[in-house]
Amino acid sequence: MATNAASLATSSTPLATNARSFRRQHRIGRAVIYGSLFFMAAFYLMPLWVMITTSVKHLDEIYAGSFIGLPQQISFDAWRTAWSEACNGTACKGLKPYFINSLLLTIPAVIMSTGIGAINGYVITKWRFPGSNVIFGLLLFGCFLPFQAVILPMAQTLGILGLAGSLPGLVLVHTVYGIAFTTLFFRNYFVSIPDELVRAAKIDGAGFIRIFVSIMLPAALPIIVVSCIWQFTQIWNDYLFGASFTAGENAPITVALNNIVNVSMGRKEYNVDMAAAMIAALPTLFVYVVAGRYFVRGLTAGAVKG
Amino acid sequence: MSRPTPLSNRIEHWLPRLVLAPSLLVVLVAVYLFICWTGWISLSSSMIVPKYDFVGLNQYVRLWSTPRWHTAVFNLFVFSTLFLALTTGLGLLMAILLDQKIRVEGTLRAIFLYPMALSFIVTGTAWKWILNPALGVQKVINELGWTSFVFDWIAQPTFAIYCVVIAAVWQSTGFAMAIFLAGLRGIDNSVIKAAQIEGASLPRIYRTIVVPMLRPAFLSVIVLLSYIAIKSFDLILALTNTGPGSATEMPSTFMYSATFRRDQMGVGAASAMMMLMTVAAIIVPYLYSELKESRDGH
């Protein structure tokens, strides 16, 4: 754009000096743009940098006051402590058991909520019936529910079902409150698949399930990835449900991390805190690095209508 | 024409509804029935366990006469205002800068967005360390020679809430940027070119033409960020744990501690209903307009 403006100026003004001043202005403008972008990038990377470097420093070095600098000596002791020894108030087993808890609860909840969302989206877009739009509207509000408004009844209900404080209970909760978002993803995606495709398949004798399995699902691969990534990030990072519906041994990693960081006995081990935070962050960061494009699509789906 | 309706046809007719029914039932129960249930608890005298009597609006009266709740509402107001203004402003600035045919755009975008992949507990832990006056940023600047520099907001009751703002803005700006960038990419370039030919400067083109065209993106960003602000809970627990004292109490943390720590279930339920009404007042009109527009569009 700006380049065009500069060349335009050259062609319409025969005075070379004018063109040169334009070009200089342009160059200054570019420098300002790049400068501010890199400055902001540095600010955004700073916490990650501080977390990583602190986690591999010796505690003495940290207390001697090296906050932002490179570690004099790299040591992974803090990572080992955070993984298998750190205390969270009740036990000193590190993050490992809670990391496993989070995996055990996230994977089934992601699969179930994505599967249910796919079928819902299919029905709402391709088998419309009177009232299906109202149902979609009702589901949609679930995306923006402040969970505080349902925590008490959910705790009661889990108690009645005999699932209080257990991992299956937490899987159920995440699946139930994940349906709204996954349905939205698939609904917005399936809307763009032409109805003619479905109609032609119906004429050929394909039924409800056949069309879903052999036409919709193969076409839905990108949105399946979006939905899985979104749900994975949401459920892995959840704290409120984990803290409300599990206790002790069954806590997810976010709850364990918060407990480890808040244990205050003796000299605070900041390197262990940072290593623990990194361990809790790694799975979602990994997914983000590998599939960032899909992550962004999930993020903006709440804003961009289908 | 006589139409035989074999069983399989009738199943085909009802199958879509049958498939959708469980989800609908689950949502009706887990969202709408549970909301009513919470509403009911908020009208009862429940303390440690739910009690299903009726005491009218007593719990709401108690809630609004609790100083801690006033702190929470005031904090939410301060936090939301600053968080919305800074996140929207910075996000827009980033998006506009990134839209200038930047060579490393992909990398920069990834850097601005990665905090969104992190748990608020991780963000809170990291920023608690950075803002730690004894060992964090303050110490770095002191050692650079500016010995009188003080940055101990996190330990100051009046300023601690701004620490929550800093961390929350850091986490969410990328989100605003992503939506604005998508909006900018949707704008027809010929409009900008035409204005350039007329001799308008780039900042002026953005101010008078491009930004007004981003209105739908603004709406989405503001609504979704308000929702994030109202429900923010884990960040506060991890960063300040509602302290110093109760200086960074928010409605979400108030609800949690009233219900699970202070045995005031009725007051907790009443605060949850207040939160719900605030969110509904923002979200319902937004969803309504989004749905209406998309129906008109088809």
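Mentor: Helices are DSSP runs of H or I with at least four residues, strands are E runs of at least two, and both are numbered from the N terminus. We're looking at a predicted model, where local features need pLDDT of at least 70, side-chain atom pairs count only at pLDDT 80 or more, and totals for chains, interfaces and linings use all residues. Residues count from 1 along each chain as its sequence is written, while chains are lettered from A and ligands numbered from 1 in the order in which they are written.

Trainee: Let's start with a loop, then. Is Lys101(B) buried or exposed?

Mentor: Lys101(B) sits in the loop between α3 (67-98) and α4 (105-113) of chain B. Its phi is near 55°, a positive value in a residue other than glycine. Counting other C-beta atoms (placed from the backbone) within 10 Å, 20 or more means buried, 12 or fewer exposed, and in between partly exposed. Lys101(B) has 11, so the call is exposed.

Trainee: And Thr242(B), buried or exposed?

Mentor: Thr242(B) is no glycine, but its phi is positive too, at about 65°. You'll find Thr242(B) in the loop between α11 and α12 of chain B. With 22 other C-beta atoms within 10 Å, Thr242(B) comes out as buried.

Trainee: How far is Ile205(B) from Val191(B) in space, C-alpha to C-alpha?

Mentor: Ile205(B) belongs to helix α9 (residues 202-213) of chain B, and it is partly exposed because 19 other C-beta atoms lie within 10 Å. Beyond four places in sequence, Ile205(B) touches Ile192(B), Ala195(B), Gln196(B), Ala200(B) and Val210(B); in contact means C-beta atoms, placed from the backbone, within 7 Å. Val191(B) is 14 residues away in sequence, and the C-alpha to C-alpha separation is 9.5 Å.

Trainee: Now helix packing. How are α5(A) and α11(A) oriented to each other?

Mentor: Take α5 (residues 96-126) and α11 (residues 221-237) of chain A: their axes are 9 Å apart and the angle is about 140°. Axes are lines fitted to C-alpha atoms, for helices over the stretch in contact, with angles from 0 to 180 degrees between N-to-C directions. Under 35 degrees is roughly parallel, over 145 roughly antiparallel, 65 to 115 roughly perpendicular, and the rest oblique. So α5(A) and α11(A) are oblique.

Trainee: Which residues of α11(A) make that contact?

Mentor: On the α5(A) side, the list includes Ser102(A), Thr106(A) and Gly117(A). The α11(A) side supplies Ile224(A), Ser227(A), Cys228(A), Gln231(A), Phe232(A), Ile235(A) and Trp236(A).

Trainee: Zooming out, which element gives the largest share of chain B's side of the contact with chain A?

Mentor: The contact takes 75 residues from chain A and 80 from chain B. On the chain B side, 17 residues, the largest share, come from helix α1 (residues 7-42) of chain B.

Key:
Contact = placed C-beta atoms within 7 Å.
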